[in-house]
Amino acid sequence: MTFLAGKPWADAVDRDAHPAGCPETVERACAAEGCRDFARSADLIEPDRINVHERWETEEALARFRGTGPEPAQAARIREAEVRAYRIAAVEAP
């Protein structure tokens, strides 16, 4: 299992517009083979932060989806990002 998690930053005026402009991307991701979860949200505290959460069954599934690339208008709004991939060997209830 591979998780992507992190925080892109956009100008505060674009921060809410980014997740609001993502429904097609989220729908495409959720319909993609191997996608277990995919979310974008405006941070509740930092006025310029967007939260990223993705969960994929395999790295191959993630790579297939990533090949489709972000929407150019959305990518243009991001001025910086700190997103990392986490490879998980086991999953269990807390």
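## What "buried" means here

A residue is called buried when its relative accessible area is under 20%, exposed when over 50%, and partly exposed in between, using a 1.4 Å probe and protein chains only. Keep that in mind as we tour this predicted model, where local features need pLDDT of at least 70, side-chain atom pairs count only at pLDDT 80 or more, and totals for chains, interfaces and linings use all residues. Residues are numbered from 1 along each chain as its sequence is written, and side-chain values use heavy atoms, leaving out hydrogens and water.

## A buried aspartate in a loop

Let's start with D43, in the loop between β2 (35-42) and β3 (50-56); strands are DSSP runs of E with at least two residues, helices are runs of H or I with at least four, and both are numbered from the N terminus. D43 counts as buried because its relative accessible area is 12%.

A polar atom of the D43 side chain lies 2.7 Å from the backbone nitrogen of E46. Beyond its neighbours within four places in sequence, D43 is in contact (heavy atoms within 4.5 Å) with R15, R49 and N51.

## The largest nonpolar core

Next comes a group of eight residues: L4, A29, C35, F38, W56, A61, L62 and F65 form the largest nonpolar core. Such a core is a set of buried Ala, Val, Leu, Ile, Met, Phe, Trp, Tyr and Cys residues joined through side-chain atoms within 4.5 Å. Two elements, β2 and α4 (59-66), each give two or more residues to this core, and α4 gives the most, with three.

Setting aside neighbours within four places in sequence, A29 touches C35, F38, W56 and F65.

Definitions and conventions
A polar contact is a pair of N or O atoms within 3.5 Å; within protein, one must be able to donate a hydrogen and the other to accept it, and residues adjacent in sequence count only if both atoms are side-chain atoms.
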